[in-house]
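Please keep the sequence and the coordinates at hand while reading.

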Amino acid sequence: MPTYELALLLRNMPKPELKTSLKRISHAIFDCGGIIRNIENLGFRPMPYKSTAHGMTHKEANYFIFKIDTPTKAVIDLKEEYKRDVDIVRQRFFKIKEEERKACTLEEELLPPAYREDVQKMIQIGKTQVNRFTYKFKYNSGLDYYPFQK
Amino acid sequence: MKMALFKSFFARQMLSTHQAVLSTIRTQSSNLKPDPDAPVEMENPFKKELKQCILCKLNIDPDYKNYRLLSQFQSPYTGRIYPRHITGLCKRKQMQVEQEITKAQDLAYMPYTYKHKIFLKDPKLFDPENPVRSHRF
């Protein structure tokens, strides 16, 4: 089961109601065969912009982050269920990927264009292309003089 | 006079080549004593340190939850994300920062059109006021 991060915004409501809604959310996860690793409460904060959800506009919200493990097929079902939940203002699922450490390529990117690998590749590709931009006059087309100014 | 000089020059040349040949023969025969004056094989000690972008140097992975760090790459006037020629990040990190900023903005962690008032006095990682070329931020 892959690990997901469920970022939720719950509307402004008193604490007992908040508790019941969190319980509801967790039960939904357990019902589709998932586990909860961690719940983080980022507090009751004013939002940087107002947003509407279920016919109500919200300017402040309770920010929560659930770290969960669920089967991949259950993610869509969970999303649909939370979409119907009135208390949830916004919900997003993110898959947690392990970032592979690669070397910084700043040095190569700051080189002058002639020394950069991607520019050299482009030049090589350009050489294989048919040149349709420069027109070369054909001397064997019937005229016995060169019509343009040399 | 000229002929005499020419002959002596040639003779000197022959002697020098003869000496070179002798020296090579001598080194091949005596391998047991290494020459202390010969160059030692080592990595270039004057190699310059590879330039790294600030996030790679400090091994920081941008995260949408860390919206304070991401706000440092946002313009305080328009709320737009500064491009690579201003931030001085490598391609990979710049892409990551941009993706995380859009995530944070979508999740109402960060605003779209301005920068949070409390983050306006954060330390500057780069100088956006003196651009290499004019920008719309």
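A:E17 has a relative accessible area of 38% and is partly exposed. The side chain of A:E17 meets that of A:R11 in a salt bridge, with N and O 3.6 Å apart. The model is predicted.

**Salt bridges**

- Over all chains, the structure holds 14 salt bridges.
- A:R11 and A:E17 belong to a network of salt bridges that also links A:R24, A:D85 and A:D87.
- In chain B, a salt bridge pairs B:R68 with B:D122, and their closest N and O atoms are 2.8 Å apart.
- B:R68 sits in helix α3 of chain B and B:D122 in the segment after α5 of chain B, so this pair ties together parts 54 residues apart in sequence.
- The two partners are placed as follows: B:R68 is partly exposed, with a relative accessible area of 46%, whereas B:D122 is buried, at 14%.

**Contact between chain B and chain A**

- Chain B gives 29 residues to the contact and chain A gives 24 residues.
- About 2,300 Å² is buried between chain B and chain A, and 53% of this area is on carbon and sulfur atoms.
- Four salt bridges are found across the interface of chain B and chain A.
- One salt bridge is formed by B:D106 and A:R92, whose closest N and O atoms are 2.5 Å apart.
- Polar contacts across the interface of chain B and chain A come to 16 residue pairs, with both residues at pLDDT 80 or more.
- On the side of chain B that touches chain A, helix α5 (residues 91-106) of chain B gives the most, with six residues.
- That side of chain B is made up of 14 nonpolar, six polar and nine charged residues.
- Another salt bridge pairs A:R101 with B:D61, the closest N and O atoms being 3.8 Å apart.
- A:R101 is in the loop between β4 (88-95) and α3 (106-109) of chain A, while B:D61 is in the loop between α2 (54-57) and α3 (67-71) of chain B, so this pair joins two chains.
- A:R101 is exposed, with a relative accessible area of 55%, and B:D61 is partly exposed, at 30%.

**Cysteines**

- The count of disulfides over all chains is zero.
- For B:C56, the closest cysteine sulfur is that of B:C53, at 3.4 Å, which is too far for a bond, because a disulfide needs the two sulfur atoms within 2.5 Å.
- B:C56 counts as buried, with 13% relative accessibility.
- B:C90 is also in no disulfide, and the nearest cysteine sulfur, again that of B:C53, is 3.6 Å away.
- B:C90 counts as buried, with 1% relative accessibility.
- A:C32 lies in the loop between α1 (15-31) and β2 (35-53) of chain A.
- A:C32 is partly exposed, with a relative accessible area of 23%.
- Apart from neighbours within four places in sequence, A:C32 is in contact with A:T70, A:P71, A:A74 and A:L78.
- A:C32 and A:Y135 are 103 residues apart along the chain, and 67 Å separates their C-alpha atoms.

**A buried serine in chain B**

- B:S71 is part of helix α3 of chain B, and counts as buried at 1% relative accessibility.
- Beyond its neighbours within four places in sequence, B:S71 is in contact with B:M110, B:K115 and B:F119.

**Positive phi angles**

- A:H54 is a residue other than glycine with a positive phi, near 55°.
- A:H54 is located in the loop between β2 and β3 (56-69) of chain A, and counts as partly exposed at 38% relative accessibility.
- B:A108 is likewise a residue other than glycine with a positive phi, near 60°.
- B:A108 is located in the segment after α5 of chain B, and counts as buried at 0% relative accessibility.

How values were computed. Residues numbered from 1 in each chain as written. Chains lettered and ligands numbered in written order. Predicted model: local features only at pLDDT ≥ 70, side-chain atom pairs only at ≥ 80, totals over all residues. Heavy atoms only, no water. Contact = heavy atoms within 4.5 Å. Buried area = accessible area lost by both parts, 1.4 Å probe. Polar contact = N/O pair within 3.5 Å; in protein donor to acceptor, adjacent residues only side chain to side chain. Helix = DSSP H or I, 4+ residues; strand = E, 2+ residues; numbered from the N terminus. Nonpolar A, V, L, I, M, F, W, Y, C, P; charged D, E, K, R; others polar. Buried < 20%, exposed > 50% of the residue type's maximum accessible area, 1.4 Å probe, protein only.
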